[in-house]
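This briefing covers one protein chain. The points are grouped by topic, with cut-offs given where a term comes up.

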Amino acid sequence: QGVNVERLRVEVNYGAGTFRLGPTEGTEHLYRARVRFDEEQFTPVHEFSGDNLTLGTRGREGSGRRISVSRSADQAEFDLRLGRSIPISLEMNLGAVRSELELGGIPLTRVELANGAAETTLRVSAPNPATMETLLLKVGAASFSGTGMGRLGARNIDVEAGLGEVRLELDGLTRPETDVRVSMGLGSLELHVPRGVGIEVQRSG
């Protein structure tokens, strides 16, 4: 992209369709994005200012970040690859979106994910090259499954879930201490901790 920045804040706003995220193959690209959408109903969003990057789609009838579900959402796809060379703070606001996220190898300092009413699968197949402070997951009436999440090296993992099903596997955990805080509504939670790792559970309510 020919942009010289030391860090990057990425915001993704995507309301309906399929979203795939992963690392770039090399270090020469800051990011790569490919979007397929219905041009009669949606318009792409690509805004780059300073070290802030905003990507996604929005409905043509309004200026809101999220778009409503339609028949065209079955064919809508958004594929995003993030670079490996600079630290990235990542925020994803997803609606009725089926998401496949691979965060392994991306230098992430913070991740915030909000998903609405669809399935999200998150994998971390390689250690995070950066130091991460917080991983924040907001799960609505949806299902979320995360594997290898210990490899992110997050100091804090916060989960806010409503009616959804949440499964967290902390394999790859290497930090001496990780604070996991969960706020659940009527949904369900499965938490898997690697063998040999100490755990303290505090429950309220």
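Arg 181 counts as partly exposed, at 43% relative accessibility; buried means under 20% relative accessible area, exposed over 50%, and partly exposed in between, with a 1.4 Å probe and protein chains only. This is a predicted model, in which local features need pLDDT of at least 70 and side-chain atom pairs count only at pLDDT 80 or more, while totals for chains, interfaces and linings use all residues. Residues are numbered from 1 along each chain as its sequence is written, and side-chain values use heavy atoms, with hydrogens and water left out.

**Salt bridges**

- Asp 158 is the salt-bridge partner of Arg 181, with 2.9 Å between the closest N and O atoms; a salt bridge is a side-chain nitrogen of Lys or Arg within 4 Å of a carboxyl oxygen of Asp or Glu.
- This pair links distant parts of the chain, as Asp 158 is in strand S11 and Arg 181 in strand S13, 23 residues apart.
- Asp 158 is buried, at a relative accessible area of 17%, whereas Arg 181 is partly exposed.
- Asp 171 and Arg 151 form another salt bridge, their closest N and O atoms being 3.9 Å apart.
- Asp 171 lies in the loop between strand S12 (165-169) and strand S13 (179-184), and Arg 151 in the loop between S10 and S11, so the pair ties together parts that are 20 residues apart in sequence.
- Asp 171 is partly exposed, with a relative accessible area of 28%, and Arg 151 is partly exposed with a value of 28%.
- Glu 133 is in a salt bridge with Arg 155, where the closest N and O atoms are 3.2 Å apart.
- Here too the pair links distant parts of the chain: Glu 133 is in the loop between strand S8 (119-123) and strand S9 (134-139), and Arg 155 is in the loop between strand S10 (143-147) and strand S11 (156-161), 22 residues apart.
- Glu 133 counts as partly exposed at 39% relative accessibility, and Arg 155 is partly exposed at 38%.
- A network of salt bridges links Arg 20, Arg 36, Glu 77, Arg 98 and Glu 100.
- The structure holds 15 salt bridges.
- Side chains of opposite charge can pair when their charged atoms come close.

**Aromatic pairs**

- There are four aromatic pairs in the structure; rings of Phe, Tyr and Trp (its six-membered ring) pair if their centres lie within 6.5 Å, and planes under 30 degrees apart count as stacked, over 60 as edge-to-face and the rest as tilted.
- The ring centres of Tyr 14 and Phe 19 are 6.4 Å apart and their planes are at 50°, so this pair is tilted.
- Tyr 14 and Phe 78 make an edge-to-face pair, 5.4 Å centre to centre with 70° between the planes.
- Tyr 14 lies in strand S1 (residues 8-23) and Phe 78 in strand S5 (residues 77-82), so the pair ties together parts that are 64 residues apart in sequence.
- Tyr 14, Phe 19 and Phe 78 form one aromatic cluster.
- Both Tyr 14 and Phe 19 are buried; the relative accessibility of Tyr 14 is 1%.
- Phe 78 is buried, with a relative accessible area of 1%.

**Surface**

- Val 182, Leu 189, Leu 191, Val 193 and Val 197 make a nonpolar surface patch of about 320 Å².
- Patches are made of residues with over 30% relative accessible area and no salt bridge, like charges being joined within 9 Å and nonpolar side chains (Val, Leu, Ile, Met, Phe, Trp, Tyr) within 5 Å.
- Val 193 is placed in the segment after strand S14 (188-192), and counts as partly exposed at 31% relative accessibility.
- The chain exposes about 11,000 Å², of which carbon and sulfur atoms supply 43%; accessible areas come from the Shrake-Rupley method with a 1.4 Å probe, and for residues only the protein chains shown count as cover.

**Chain as a whole**

- The chain has zero helices and 14 strands; helices (H or I, at least four residues) and strands (E, at least two) are DSSP runs, numbered from the N terminus.
- Of the 205 residues, 44% count as buried.
- Of the contacts in the chain with a separation of 6 or more, 51% are between residues 24 or more positions apart, contact meaning heavy atoms within 4.5 Å.
- Thr 43 is in strand S3 (residues 42-49) and is partly exposed at 22% relative accessibility.
- From C-alpha to C-alpha, Thr 43 and Gly 56 are 8.7 Å apart in space, and they are 13 residues apart in sequence.
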